[in-house]
Amino acid sequence: MELWYTEKQTPDFGIQAKIGRTLHHEQTEYQSLDVIETKQFGRMLVLDGMVMTTDQDEFVYHEMLTHVGMNTHPNPKRVLVIGGGDGGVIREVLKYPSVEHAVLCEIDGRVIEVSKEYFPKIAGALEDSRVKIRVEDGIKHIEAHPNHYDVILVDSTEPVGPAVGLFQKPFYQGIFEALRPEGIMVAQTESPWFNRDLIRRVYRDISNIFPIARLYTASIPTYPSGLWSFTLGSKGRDPISLREEDLQAIHTKYYGPTLHHALFRLPKFVEELTGKGEA
């Protein structure tokens, strides 16, 4: 008998993956947490029925959320990751020798523990001495740390349940205040196919708060529609204005200095979400 996992991404569309077995299941204080073994993408972390990461394509998401902002900042020393309990973004952050402190602020501590057990290649960097793990609400954390961080990366789940507040303008204002003078934030902002209103609103909010706002995309096969967006807000440097030779050649599989500027060349229907294209 064949076993298949289905993620219903909209009321009318979903994806399926053939699975070998379920490795873990629990209901945490905040959400349903599952780890399944798929035939195509290896182990898959699922929260409330939504794919968070897989062995095979995790590097795309984690690199793209991390390196555009980190490589744009002139000297990132203090970095905050909100969400991201699997540890993948922290792993990428620590590739920068300038980083002195990397804080992971994840509201659900069970995501961290389960990721350490089943995704050691993703979560292994959480043991680094530069990493501080805080199991708490990211919104409250930034409120308590004004003018503290150089880079803040928002690795949230979809805008449901405890993550809803991570897509609201007051949260982005709080991030602005928690950043130092040349600070940069990046947030994952969902699919341009299925979440256009959300992307349009988030981009507008961030551009109203930060002097510089940029939208960019990446291809992530296990995420809804396969096309994913990220929104950057900067107090100082513009990622588009940097020369290729100014960018660090970090060891990666997807992102790199030769790709950096191309990321901001958006399809017309995506560019329109920023208000810069024709509606």
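Contact, as I use the word in this notebook, means heavy atoms within 4.5 Å.

**Entry 1: the model.** I note that this is a predicted model, in which local features need pLDDT of at least 70, side-chain atom pairs count only at pLDDT 80 or more, and totals for chains, interfaces and linings use all residues. Residues are numbered from 1 along each chain as its sequence is written, and side-chain values use heavy atoms, with hydrogens and water left out.

**Entry 2: Phe 264.** I looked up which residues Phe 264 touches when those up to four places away in sequence are not counted. They are Val 68, Arg 214, Leu 215, Tyr 216, Pro 239 and Ile 240. Phe 264 sits in the loop between helix 8 (257–260) and helix 9 (268–271). Helices (H or I, at least four residues) and strands (E, at least two) are DSSP runs, numbered from the N terminus.

Entry 3: Two strands pair if DSSP finds at least two bridges between them. I found five strands in an open sheet, in the order 1-2-3-4-5, with antiparallel pairing. Strand 1 (3–10) and strand 5 (50–54) each have a single partner strand, so one side of each is left without a neighbour in the sheet. Neighbouring strands of this sheet are turned by 45° against each other on average, direction ignored. Axes are lines fitted to C-alpha atoms, for helices over the stretch in contact, and angles run from 0 to 180 degrees between N-to-C directions.

I then followed strand 1 and strand 2 (residues 13–27), which run antiparallel and are joined by seven bridges. These two strands form a hairpin with two residues between them. Leu 3 stands opposite Ile 19 in strand 2, and Glu 7 stands opposite Ile 15 in strand 2. Helix 3 (residues 109–118) lies across strand 2, strand 3 (32–38) and strand 4 (42–47), and runs at about 95° to strand 2.

Asp 48 is in the loop between strand 4 and strand 5. Its phi is positive, about 50°, although Asp 48 is not a glycine. With a relative accessible area of 40%, Asp 48 is partly exposed.

Entry 4: I found seven strands in an open sheet, in the order 8-7-6-9-10-12-11, with mixed pairing. Strand 8 (131–134) and strand 11 (212–219) are the edge strands, each pairing on one side only. Here neighbouring strands are turned by 15° against each other on average, direction ignored. Strand 6 (residues 78–83) and strand 9 pair in the parallel sense over five bridges, and Ile 82 stands opposite Val 154 in strand 9.

Ser 156 lies in the loop between strand 9 (149–155) and helix 6 (169–178). Is Ser 156 buried or exposed? At 8% relative accessibility, Ser 156 counts as buried. Leaving aside neighbours within four places in sequence, I list Tyr 61, Ile 82, Leu 166, Phe 167 and Gln 188 as contacts of Ser 156.

Ser 225 is in the loop between strand 11 and strand 12 (227–234). Phi of Ser 225 is near 75°, a positive value in a residue other than glycine.

**Entry 5: Val 89.** Val 89 is in helix 2 and, at 0% relative accessibility, counts as buried. Not counting residues up to four places away in sequence, Val 89 touches His 62, Leu 65, Thr 66, Val 81, Leu 153 and Asp 155.

**Entry 6: the second largest pocket.** On a 1 Å grid over the protein atoms alone, a pocket is an open set of points where a 1.4 Å probe fits, with protein on both sides within 12 Å along at least five of seven lines; lining residues have an atom within 4 Å of a point. The second largest pocket has a volume of about 340 Å³, a volume being the space filled by probe spheres set on the points, which are joined across faces, edges and corners. I recorded 17 lining residues, of which Asp 55, Glu 58, Arg 91, Lys 121 and Lys 253 lie nearest the centre of the pocket. Helix 1 (58–72), helix 2 (88–93) and helix 4 (120–123) each supply at least two residues of the lining.

Note on methods: Buried means under 20% relative accessible area, exposed over 50%, partly exposed in between (1.4 Å probe, protein chains only).
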